[in-house]
Amino acid sequence: MGVSKHKSIIKAILMTVVPCLLLAGCWDSEDIEQRAVVLGISIDKIDKSEAEESLEQITGLGKNFPKPKEGLIELTAQIAVPGRIPLGPQTGGAGVDQKPTWLIKVVGYTIDDAIAVLQQEVADQLFFGHLRIIVVSEEVAKDGLIRFNDYLRRNPEIRRTAWMVVSKGEAKKFMEVAPKLERVPTLYLSAMVENAVGLGKFPDDFIGLFWTKLQSKGQETFLPYLEIKKEDNIQISGLAYFVDDKMVGKTEPVEIGLFMAITGEKMGGYEVFVEVPDTDSKVLVRADKRKSSIKTSIRNGIPHFTIKIHYEALVDEGTLDVKINDPEILRKIEESGSKGVVEGTTKLIKKLQAEQSDIFGFGEYVRAKQPNYWNTKVKTKENWREIYKDITFDIQCSSKIRRIGTKGK
């Protein structure tokens, strides 16, 4: 009886204590409204003369501390105001004139330094779990992004599916725009880039993929290049391409489609005017689907690439004097379109060869398919850049127009 009673006491204690331990799971919980949710940030260069008043606020950098050589940056943060982010279109009623976000500008020598200053100016704890987009100015991108990547990669709150983009002009203007379709600029910017991927107008390249390519031995990186037009319209104006972490140039908007053709992005989304041979007319042809293959070989000690591209397209618009339902006319349009793709892609590759920026990933094909050549002749990313300038390639393109549409007579 004594042993049984002892076991009963132990069971009673366990039944009392264990539930209490489980109930203690929320001891460190924090109300979401007690966090300052950062939706987007922008990074610009700033002269010391323009930030004399802000320099005193920078933490950890007094006269006895060495200052970074890169110089000052201005960080603009867009913070969500609790209760003011609309869940749908807002046409009237209370709160229409209230801004859903709060913009704060701070100065620092590094992004971590600037965020430390930002935290001094915000009562609630900064939270980056909903950060959607990071905008860096073209001037900052040309100086190099490695000084920012370290902090962004260390911060566990920042998702790898966020976007980093390069802006023409000041990046902070993208935090201030007021697009008509969305009250929150950063949500509009991120949705714009994501929808461009879905429409086949831009390759998938969120910040996690950018970091992966940055570590690659045989491929350079690229980012979306955005430009503000009239009335706060925003345009994807090309690809900002890099050598290591420094931007060295940009493509034209139509060259995004050519880049996607080379790299094998299946969904087409760009339209081009195609001349109809033996006539003075043109038709607007839209790429619907595409596929490509890249084969590599070594010729005279230099990598050679054979690139095959196939388009499935449709005629979006034509003129009355062109009988696009004529099979012979369609064949001529297909040949003319294929010729234009070959000329455009050849020009694009040669332009990036001159800049030593292999955003196509040709080096990775050599690493995978020609390992002996890579291990003996290349070995490093720096050596591949020198070899990449002299690589040779053949481009073959075929097109098939699947639909020509209908029209009333």
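Is Glu74 buried or exposed? Glu74 is buried, because its relative accessible area is 12% and the cut-off for buried is under 20%. Keep in mind that this is a predicted model, so every value here is computed from predicted coordinates.

**The chain as a whole**

Let's step back for a moment. The chain carries 13 helices and 13 strands. Of its 409 residues, 44% are buried. If you take the contacts with a separation of 6 or more, 71% of them are between residues 24 or more positions apart.

Glu74 sits in strand 2, which covers residues 73-80. What does the side chain of Glu74 make a polar contact with? The partner is the side chain of Lys172, at 3.2 Å. Lys172 also turns up in the list of residues that Glu74 touches beyond four places in sequence, and the rest of that list is Ser42, Ile43, Asp44, Ile46, Lys105 and Val106.

The largest nonpolar core has 50 residues, and the members that touch the most others are Phe305, Ile307, Phe360, Phe362 and Trp384. Helix 9 (residues 253-263) gives this core its largest share, six residues. Apart from that core lies another one, made of 39 residues, including Val38, Val106, Ile111 and Ala162.

Ile307 is worth a look in the viewer. Beyond four places in sequence, Ile307 is in contact with Ile262, Ser293, Ile294, Ile349, Phe362, Asp394, Ile395 and Gln396. Phe362 also belongs to a cluster linked by ring pairs, together with Phe222, Phe259, Phe305 and Phe360.

The structure holds seven aromatic pairs. One of them is Phe210 with Phe242, an edge-to-face pair with 5.8 Å from centre to centre and 70 degrees between the planes. Phe210 is in helix 8 (residues 207-214) and Phe242 is in strand 8, so this pair ties together parts that are 32 residues apart in sequence. Both Phe210 and Phe242 are buried.

**Helix 3 and its cover**

Which residues of helix 3 (residues 111-121) are buried? They are Ile111, Asp113, Ala114, Ile115, Val117 and Leu118.

**A glycine in a loop**

Gly129 lies in the loop between strand 4 and strand 5 (133-137). Gly129 counts as buried because its relative accessible area is 6%, with the cut-off at under 20%. Leaving out residues up to four places away in sequence, Gly129 touches Glu157 and Arg159. How many residues apart in sequence are Gly129 and Val38? They are 91 residues apart in sequence, and their C-alpha atoms are 7.9 Å apart in space.

**Strand pairing**

Strand 7 (residues 222-228) is mostly covered, with six of its seven residues buried. Strand 7 runs parallel to strand 6 (residues 163-167) and antiparallel to strand 8 (residues 234-243). Here are the pairings side by side:

| Strands | Direction | Bridges | Residues facing each other |
|---|---|---|---|
| Strand 6 and strand 7 | parallel | two bridges | Ser167 and Leu226 |
| Strand 7 and strand 8 | antiparallel | seven bridges | Leu223 and Ala240 |
| Strand 10 and strand 11 | antiparallel | five bridges | Glu275 and Lys282 |

Two of these pairings are hairpins. Strand 7 and strand 8 have five residues between them, and Glu231 in that turn has a positive phi of about 55 degrees. Strand 10 (residues 271-275) and strand 11 (residues 282-299) form a hairpin with six residues between them, and Asp278 in the turn has a positive phi of about 70 degrees.

Terms used. Residues numbered from 1 in each chain as written. Predicted model: local features only at pLDDT ≥ 70, side-chain atom pairs only at ≥ 80, totals over all residues. Heavy atoms only, no water. Helix = DSSP H or I, 4+ residues; strand = E, 2+ residues; numbered from the N terminus. Buried < 20%, exposed > 50% of the residue type's maximum accessible area, 1.4 Å probe, protein only. Contact = heavy atoms within 4.5 Å. Polar contact = N/O pair within 3.5 Å; in protein donor to acceptor, adjacent residues only side chain to side chain. Core = buried A, V, L, I, M, F, W, Y, C linked by side-chain atoms within 4.5 Å. Pairing = 2+ DSSP bridges. Phe/Tyr/Trp six-rings, centres within 6.5 Å; stacked < 30°, edge-to-face > 60°.
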